[in-house]
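Here is a short briefing on backbone geometry and helix packing. Look over the model first, then read the points below.

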Amino acid sequence: TRKIVAILGNHEIWDENPLIIKPKEYPEYLNKKISEYRDMCNELGIIFLQNELLIAHSKDIYPYMLNYEILDEEKINEYSVDQIQKICKDSRLTILGGLGFSGLNKKHNSTTGLYRNTISQLKQDIEETEKFRKIYEKINRSIPNKKVIVFTHTPKSNWTSETYNKHWIYVSGHTH
């Protein structure tokens, strides 16, 4: 069967009632929104990625992904470069996905209401940005010559200043 891969955008983590100006409990509210979307996507058969790496193994014929695994942020951070290389060795499709966040963007970040009350302080935006940057850099060290799709909502310049990997494809949605 065909699979759809989805990530969050900034609107998905907005609070339900924009009239309430009070900041949400960070990171609890953010984690709640991520969990809600993960559950909804699972129910619909959609692959949801938030700071995760999808690895479709070589038995698969694109775009049919019957045999895939997902490394979450915790595993990516825990595994060595060698372990990630071994896991990704036979992958036909590798996608690193997540919102990305905007902690490096001096003009459009959490202080301008990008995430409404869910993430309202630049410090929080930077914290979430660092999480994605850290796993991006780990994957880049692990499989720099493999084809990887980096699927984020915010442009790469919002979450890392590293140069583009010439073997990778970068897709971001917030460019409108």
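Helices (H or I, at least four residues) and strands (E, at least two) are DSSP runs, numbered from the N terminus. The model is predicted.

**Cis peptide bond**
- Y26 and P27 are joined by a cis peptide bond, with omega at about 5°.
- P27 sits in the loop that runs between strand 1 (4-6) and helix 1 (28-44).

- N51 is not a glycine, yet its phi is positive, at about 60°.
- The loop between strand 2 (46-48) and strand 3 (52-57) holds N51.
- N51 has 3% relative accessibility, so it counts as buried; the cut-off for buried is under 20%.
- F101 also has a positive phi, near 75°, and is a residue other than glycine.
- F101 belongs to the loop between strand 5 (91-98) and helix 4 (122-142).
- The relative accessible area of F101 is 2%, so F101 is buried.

**Helix 3 against helix 4**
- Two packed helices are described by the angle between their axes and the distance between the axes.
- Helix 3 (residues 81-88) and helix 4 have axes that come within 8 Å and cross at roughly 70°.
- Helix 3 is therefore roughly perpendicular to helix 4; angles of 65 to 115 degrees count as such.
- On the helix 3 side, the contact uses V81, I84 and Q85. They meet K138, I139, R141 and S142 of helix 4.
- The residues of this contact of helix 3 with helix 4 are 3 nonpolar, 2 polar and 2 charged.

Terms used:
Residues numbered from 1 in each chain as written. Predicted model: local features only at pLDDT ≥ 70, side-chain atom pairs only at ≥ 80, totals over all residues. Heavy atoms only, no water. Buried < 20%, exposed > 50% of the residue type's maximum accessible area, 1.4 Å probe, protein only. Axes fitted to C-alpha atoms, helices over the stretch in contact; angles between N-to-C directions. Parallel < 35°, antiparallel > 145°, perpendicular 65-115°, else oblique. Contact = heavy atoms within 4.5 Å. Nonpolar A, V, L, I, M, F, W, Y, C, P; charged D, E, K, R; others polar.
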